[in-house]
Amino acid sequence: MKKSFIYLIPAIFLLAGCGKKISITINTNESTVAESSTKESIQETETKVQNDVEMLKAHVYNKIANDGNTIPQLSVEGNEKLNDIVNKINNDWVGGYYPRINLTRTDTSVFSALLATTVMNGSTDTKELLRGVNIDSNAGKELKIEDVLKDPVGLYDKIEKDNYLADEYGEDIEGFSEKLKTVLTNPDAFNLGANDKADLAWTLSSGCMMIYMTAKDEYTERIVSIPLEFARYGEFFNEDILSLPKDYAFEIPTDKEVKIDLDGKIRTVKIEQDIDECLMLQEIDVTIDGEKSTYEEDASYGISKASVVKKGDNAYLYIELQYDNDYNSISIIDLNNKSEKLEISESFADTSLLNPDEFYLGDRIYTISTLGIEGRYTVGSKGMSKILENYYTIATPIQLTTKISIKAKKLDGINGKEVGDYDIPIGSVLVPVGTDKESFTDYTTSDGSLIRIPMGKASEYGFSIEGKNIEDVFDGTIFAG
């Protein structure tokens, strides 16, 4: 499944030069941290796992707009107080040349997302437009910075005194310190999460407050993600923001040191990737608690993003790698078992991995077309993903037109029971919505019905319907390498 959302947390621009080493660090040396100067406030302000804070069911999906373009949409179940913000996102704030919705936190305390849109700035240049959506899930009202931070000015002063963020980002981002000050101390500079230039935004995750700024390259703008971690700055955050569900996950930048507080334990990880002169990933070095493990790679172009996934008493790194033909895979590393690395063939989906008990992963199939699909998973043994049901949502929005009449079954809902026969005449327009990848595909029809059409393996290659090759059944099929 294609994953080219470069703005996602983290915003990763890996291949800036041949042989470049890019690293992230997340600190896990508990004994060292316990005696360090940064420990003074951590025990008093550590993130609190609250049984009354639960994950929301939120999902990002794509649809075909009236103009034929594909646009992302958001759905949230079980919280009517978020209906207004979901409607604003779907109907008012998503648009432009390349719109994206990146969920960063979706629980019963905080709902947060980054909206980004690429637009053309003249004939060759591109520009990124940003909006941060931060909502109190209980009240359905926008969170301002004073709702998040106890002492915004104090936090800004501490960051300026430490100076490490300015050293890291100041050269790339013009006016970095002033922009940081605007985010932390001037909430009036934002209107519904966007500033007047739409080049500055912030969101919340289960591990940090993330600030986004744009940086200009020769012809394009890129989005830089700057984390203010709870483990580093917890004393400045309000208690409600630090209250988390029992299990949670969040994306981490792959270009800087990040501290993570997992149930009061400060963890550290350092991820380095060695890109050779041919722009190929040679190895990944992962250092946990001061112990380095090296993993050889020879076919990947590098890390596209990474997440920390906490499940029960365990925590894992999910590291996504990118390959030829938009193919991705995920490497899984147990933070407590530093030498073992497991792999799965799936990739991150459009809906960010935030809930370890139920999350989406993406894959690609070649049945009635080349299609991106998403399955629902949970974290199982050794951190490996475990499918919840053998049914996959089709994430690629396409329309197929029948060349022949087809016999189908009508369904009473998504992946529902068969409730009768349905005859599909020649010239019918169908939109694929779901599949088990092997024996059937479900579609919506122009009259709004949900139907299921059986399929099987063709005699020579690919799949067939009623004994005919897919290309002889449908107009509009697209098969890619």
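## Cavities, cores and cysteines in a predicted model

By class, six nonpolar, three polar and two charged residues form the lining of the largest cavity; here Ala, Val, Leu, Ile, Met, Phe, Trp, Tyr, Cys and Pro count as nonpolar, Asp, Glu, Lys and Arg as charged, and the others, Gly among them, as polar. The model is predicted: local features need pLDDT of at least 70 and side-chain atom pairs count only at pLDDT 80 or more, while totals for chains, interfaces and linings use all residues. Residues are numbered from 1 along each chain as its sequence is written, and side-chain values use heavy atoms, with hydrogens and water left out.

The lining residues of the largest cavity are G132, N134, E142, L143, K144, I145, V183, P187, F190, G193 and W202. A cavity is a set of points, on a 1 Å grid over the protein atoms alone, where a 1.4 Å probe fits but cannot get out; lining residues have an atom within 4 Å of a point. The largest cavity holds about 110 Å³ of space, and the count of cavities of 30 Å³ or more is four. Grid points are joined across faces, edges and corners, and a volume is the space filled by probe spheres set on the points.

The protein chain has 481 residues, of which 55% count as buried. Buried means under 20% relative accessible area, exposed over 50%, and partly exposed in between (1.4 Å probe, protein chains only). In soluble globular proteins, nonpolar side chains tend to be buried together. A nonpolar core is a set of buried Ala, Val, Leu, Ile, Met, Phe, Trp, Tyr, Cys residues joined through side-chain atoms within 4.5 Å. The largest such core has 36 residues, and Y318, Y443, I453, I465 and F474 touch the most other members. Strand 24 (residues 370-379) gives this core its largest share, four residues. A second, separate core of 32 residues includes V110, I145, L149 and V183.

Helices (H or I, at least four residues) and strands (E, at least two) are DSSP runs, numbered from the N terminus. In helix 7 (residues 176-185), the buried residues are F176, K179, L180, T182, V183 and L184. Their cover includes helix 5 (152-162) and strand 10 (208-216).

| Cysteine | Relative accessible area | State |
|---|---|---|
| C208 | 4% | buried |
| C278 | 52% | exposed |

A search of the whole structure finds zero disulfides, a disulfide being a pair of cysteine sulfur atoms within 2.5 Å.

Terms used. On a 1 Å grid over the protein atoms alone, a cavity is a set of points where a 1.4 Å probe fits but cannot get out, and a pocket is an open set with protein on both sides within 12 Å along at least five of seven lines; lining residues have an atom within 4 Å of a point. Contact means heavy atoms within 4.5 Å.
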